[in-house]
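The following questions and answers concern one protein model. The sequence and structure come before the discussion.

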Amino acid sequence: VDGASVNVSCSGTPSDGRPVIVLMAGMGDGLDTLAGVQESLAEDERVCSYDRLGEGESDQPEGLQSIDDAGATLTAVLEDVAGDGPVVLAGHSLGGLIAARYAPDHQDRVSGLVLLDATSPTMIDDITGVIPESATGEGAEVRAQNLAIFQGENPEGIVIDSDPEVRPAGDIPVEVIQHGVRYLGEIAEYGDDLERVWTEGQEQWLALSDRSRLSTAEESGHYIHVDQPDVAVEAIRRVTDEAAA
């Protein structure tokens, strides 16, 4: 992709009339974190995953990236693994945010979405709104860490802006799955409010389609596909079946 090498893994046999499933990992994760889900889905579907630039075995990016840059990499991957055929995007955390921002501009290609505890469209505003600049202790650390990450201090060098607008992605099936184990609630003083704004962020993604559904993986923390892989696999299968109907 523009001279950089992007690591891609595909499994399963292509089938006429079925979209290719593309799995998208979260920040700091390579495609190996989705290997179990890919293996399960590949029994019946064509499934691919990839390392974004700066992650896993892909090359490092040249300087900072934007969400649009990540989308350009995704386009190149989709052209390689699916041609001009339909795809279902299933993204965890940052991968979910990228998928949700990508789909509205590529309605001719994206026929379904699964968002696994996806990063909220307004996450940085949510965090700084809950944790004030005057915070001390653990709260201050969480605030500073997230500000740095969203400004590009992360393996991908990706800058993530808050944008409250969630544009529709067409009349496609969308499943939004949030964590049920309240791990954010463990943050002293601010935990309950952080859990609240996280849930509000998940609800914002429902605006992607009139066919959006929100559910909770009751026994999962942030890594739903690791804690409850069956929940992730079944959701992706449902969306793929609906997209192929």
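Q: Leaving aside neighbours within four places in sequence, which residues is Leu89 in contact with?
A: The model is predicted. Contact here means heavy atoms within 4.5 Å. With neighbours within four places in sequence left aside, the partners of Leu89 are Val22, Met24, Leu74, Leu78, Ala99, Tyr102, Val110, Gly112, Leu113 and Val114.

Q: Which residues of the largest nonpolar core touch the most other members?
A: The largest nonpolar core holds 51 residues. Those touching the most other members are Leu89, Leu113, Trp205 and Leu208.

Q: Which helix gives the most to this core, and with how many residues?
A: The helix in question spans residues 67–82. The most is given by helix 2, with 7 residues.

Q: How many residues are in the second, separate core that includes Leu116?
A: Besides Leu116, the members of this second core include Leu41, Val47 and Ala235. The core is separate, and its size is 20 residues.

Q: What is the bridge partner of Val176 in strand 7?
A: Strand 6 and strand 7 (residues 212–217) run parallel and are joined by 6 bridges. Together with helix 6 (residues 191–204), these strands make a right-handed β-α-β unit. In strand 7, Val176 is partnered by Leu214.

Q: How many residues of strand 6 are buried?
A: Strand 6 covers residues 174–179 and is mostly covered. Buried means under 20% relative accessible area. The count for strand 6 is 6 of its 6 residues.

Conventions
Residues numbered from 1 in each chain as written. Predicted model: local features only at pLDDT ≥ 70, side-chain atom pairs only at ≥ 80, totals over all residues. Heavy atoms only, no water. Buried < 20%, exposed > 50% of the residue type's maximum accessible area, 1.4 Å probe, protein only. Helix = DSSP H or I, 4+ residues; strand = E, 2+ residues; numbered from the N terminus. Pairing = 2+ DSSP bridges. Right-handed = clockwise from strand over helix to strand, strands pointing away. Core = buried A, V, L, I, M, F, W, Y, C linked by side-chain atoms within 4.5 Å.
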